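Dear colleague,

Please find below the sequence and structure that I am handing over to you. My notes on the findings come after it.

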Amino acid sequence: MVKDVQDRSIDPASLEMLALAKKAGIETAWDRFEKQQPQCGFGELGLCCRNCNMGPCRIDPFGEGPSKGVCGATADIIVARNLIRSIAAGAAAHSDHGRGVAHTFKLMSEGRAPSYQVKDKAKLERLMKEYNVEDQIALAEAIMAEFGKQEGPIQFTLRAPAKRIELWRKLGIDPRGIDREIVEIMHRTHIGVDNDYVHLILQGLRASLADGWGGSMIATELQDVMFGTPKPTFSEANLGVLEPNEINIIIHGHEPLLSEMIVAAASDPEMVELAKKQGAIGINVSGMCCTGNEVLMRHGVPVAGNFLQQELAVATGAVEAMVVDIQCIMPAIGALAGCFHTKFISTSPKAKFPGATHMEFHEETALETAKEIVKVAILNYQNRNPSKVHIPDVKTKCMVGFSVEAIVGALGGTLDPLLGAIKSGAIRGIGAVVGCNNPKVQHDFGHLNLVKELIKNNVLVVTTGCNALACAKAGLLLPEAADLAGDGLKGVCKALGIPPVLHMGSCVDISRILVAAAAIANALDIDISDLPAAGAAPEWMSEKAVSIGAYVVGSGVFTVLGTVPPVLGSQAVAGLLTAGAKDVVGASFAVETDPFKAASLMIDHIDNQRRKLGL
Ligand code: SF4
Ligand code: MSK
């Protein structure tokens with residue numbers, strides 16, 4: 001547990017704001033985390049069950065109290081059920097995001113969402129070919145049907161290497177439909193249904209695969225079609241991107257459906273004129289969390305920070321509006337915004353918050369609503385209290401937007417130079433580092449130290465989500481960061497003019513990493529589980545991260561978690577995840593809270609894989 005404010009983060013902008021918040025008596029997630037101590041020991045071990053009203057039941061981990069719930073459920077059953085319910089929630093969140101994007105794509109295709117257009121025609125055509133359909137509406141219908149499919153396969157799962165698909169089918173974990181697998185978890189974990197921990201975990205893997213190769217991949221692909229496939233671009237990151245003399249609008253959450261429109265509305269000359277009339281010199285839109293990643297990589301919109309910085313951004317007193325959609329938005333923002341002039345504006349029909357003004361966003365009228373929101377922010381400028389404004393003078397340049405297409409482009413149109421560098425050992429392997437922040441660990445410490453260790457040891461890092469934003473703030477997304485890399489990786493980066501840490505996007509864009517892994521495995525004629533690659537989520541906290549971890553392992557990639565998942569109450573489940581899974585799906589989890597040791601585990605794994613491949 002972190003006690004001293006100065007130990008809460010390693011990010012200088014956050015530390016500056018945390019000191020200010022302490023002085024001003026502003027409560028943050030770190031304070032609330034401390035007030036929660038000690039957190040429930042049964043919950044931490046996954047040993048508490050509330051699945052029926054004979055409970056709640058809990059199992060005594062020391063063997064002195066009850067060893068079974070009222071129904072007879074053991075620790076193994078309870079831990080497995082709790083874990084896969086988290087997977088169901090995470091897969092549902094990503095996939096419902098994907099469904100929202102697919103729905104907008106369908107409306108756009110039918111001419112009913114005039115604010116949206118096709119920006120990547122080539123990708124659209126590739127998708128139509130993949131789905132074997134003749135027109136855009138048929139594609140929209142086929143993709144929408146993936147959610148309610150009963151028998152599978154989900155089309156994009158066929159992008160996995162043949163050996164992987166064969167394994168999924170043999171194990172019975174090839175997903176049949178996105179919604180079906182999530183619903184089946186809820187059914188199987190109801191009292192008195194599935195009570196075999198291995199069988200439960202396999203269903204968790206199946207639902208997670210429906211997320212990674214289904215819902216998340218649909219979100220990524222259709223976002224690229226509608227908003228453009230990211231290309232390398234430069235921008236800036238951290239709280240210093242807020243402008244003292246401009247209207248500051250922060251877009252926070254996950255769906256680019258909204259943030260794209262806010263970005264467009266804020267550049268409307270009428271809006272800029274109105275801002276000037278209010279005495280501001282312009283309108284400054286910046287992002288936060290994954291919707292921040294979306295507009296960062298497509299438009300170079302600066303990003304104010306990652307998950308744990310959302311309250312700190314409001315505490316700068318310089319934010320006219322924090323506009324949110326779905327996921328990772330703290331309900332605490334409402335009360336905090338009330339201490340400043342900040343308008344907290346919710347927009348999703350799915351997500352309302354205490355203290356927020358709800359301006360509901362619909363695809364048919366998206367740009368109009370976005371303009372109304374921007375106008376509310378502009379008119380709020382006059383309410384800013386200059387004596388409460390404090391913007392840390394901390395921001396860093398970053399290079400972002402490495403979609404798979406962009407990586408292939410940077411390599412000269414083929415994966416061969418990358419494969420050559422891996423074979424020669426110049427690049428030892430690939431590390432996928434992703435995930436959230438969590439006040440259980442020092443903010444950004446796990447992210448940055450793990451990534452730095454990996455690149456120092458010639459592991460090329462691909463990143464998304466809040467890890468990507470931590471790396472952006474620390475300058476690791478710049479080509480110059482190659483100087484921190486080992487000689488081999490440094491040489492490759494310098495030759496190609498790329499950073500040693502490649503920003504691949506938001507959380508749903510981990511699907512890009514799956515596509516890249518499949519392409520490399522296919523090129524080498526091996527399975528993903530044979531690649532010299534490893535994954536990590538050093539500061540994860542969300543249920544989406546549980547689903548991500550499960551589909552990454554289910555796809556064959558060894559993954560290290562930096563915060564402890566609530567599974568240690570069952571030795572059997574913990575053993576299955578950290579060892580047994582290797583014999584089943586060819587990959588397993590490790591838990592390591594020390595990022596330096598986590599890096600060693602990943603590097604050892606990569607070296608073993610290299611040896612097995614004869615490299
Ligand atoms: Fe207790 Fe079983 Fe009900 Fe869970 S399902 S609350 S273990 S009786
Ligand atoms: S935003 S899920 S805190 S990565 Fe995707 Fe960051 Fe985790 Fe949310």
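Predicted model: local features only at pLDDT ≥ 70, side-chain atom pairs only at ≥ 80, totals over all residues.

Residues are numbered from 1 along each chain as its sequence is written, chains are lettered from A and ligands numbered from 1 in the order in which they are written, and side-chain values use heavy atoms, with hydrogens and water left out.

The structure holds two cavities of 30 Å³ or more. A cavity is a set of points, on a 1 Å grid over the protein atoms alone, where a 1.4 Å probe fits but cannot get out; its lining residues have an atom within 4 Å of a point. Points are joined across faces, edges and corners, and the volume is the space filled by probe spheres set on them.

The largest cavity contains about 110 Å³ of space. Its lining comprises 16 residues, with His254, Cys328, Cys436, Cys507 and Lys544 nearest the centre. Ligand 2 sits in this cavity, meaning that more than half of its atoms lie within 2 Å of the grid points. Residues near ligand 2 (a heavy atom within 4 Å) include Cys289, Phe307 and Met541.

The second largest cavity, of about 90 Å³, is the space taken by ligand 1. Its lining has 14 residues, and Cys49, Cys52, Cys57, Cys71 and Arg81 lie nearest its centre. Among the residues around ligand 1 are Asn51, Met54 and Ile191.

Yours sincerely

Methods: 1 Å grid on protein atoms, 1.4 Å probe; cavity = no way out; pocket = protein on both sides within 12 Å on 5 of 7 lines; lining within 4 Å.
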